[in-house]
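Look at the sequence and the 3D structure shown here.

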Amino acid sequence: MKLLKFKQNNCTPCKMVDKFIEEELRTEADETHIIFAGNKKADDLALKYGVMQSPTFVLVDDNGEKIDMVRGVGQTKVRAIFEKRGLL
């Protein structure tokens, strides 16, 4: 199982959720992908999992199948997906 984080460099909500993860959760997603910046691999993954906005967290199984997804900066939902992954 892996937790993928999709974000943009110039995204204020992304910066807010990054600060929450760093200061409150004190952990990080398994992979971070910068989307909509000309990175083909990141954009292809975003398309595969239906990522339309940032920040978005996608929990996938060992075969790459989507298990869960959280969009936005809601701290309760972000914390819950990190717990589901076993990172907290």
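The sections below take these topics in turn.

## Basis of the model

This is a predicted model, in which local features need pLDDT of at least 70 and side-chain atom pairs count only at pLDDT 80 or more, while totals for chains, interfaces and linings use all residues. Residues are numbered from 1 along each chain as its sequence is written, and side-chain values use heavy atoms, without hydrogens and water.

## The sheet

Four strands form an open sheet in the order β2-β1-β3-β4, with mixed pairing. The edges are β2 (31-34) and β4 (66-71); each has a single partner strand, so one side of each has no neighbour in the sheet. From one strand to the next, the twist averages 20°. Strands (E, at least two residues) and helices (H or I, at least four) are DSSP runs, numbered from the N terminus. Two strands pair if DSSP finds at least two bridges between them.

Strand β1 (residues 2-7) and strand β3 (residues 56-60) run antiparallel and are joined by 5 bridges. The bridge partner of K5 in β3 is F57.

## Helices on the sheet

Helix α2 (residues 40-49) lies across β1, β2, β3 and β4, at about 110° to β1. Helix α3 (residues 75-85) also packs on the sheet, where α3 touches β1, β3 and β4 and makes about 155° with the direction of β4. Contact means heavy atoms within 4.5 Å. Axes are lines fitted to C-alpha atoms, for helices over the stretch in contact, and angles run from 0 to 180 degrees between N-to-C directions.

## Residue T12

T12 belongs to helix α1 (residues 12-25). Its relative accessibility is 52%, so T12 counts as exposed (over 50%; buried is under 20%, partly exposed in between, with a 1.4 Å probe and protein chains only). T12 and S54 are 42 residues apart along the chain, and their C-alpha atoms are separated by 9.6 Å.
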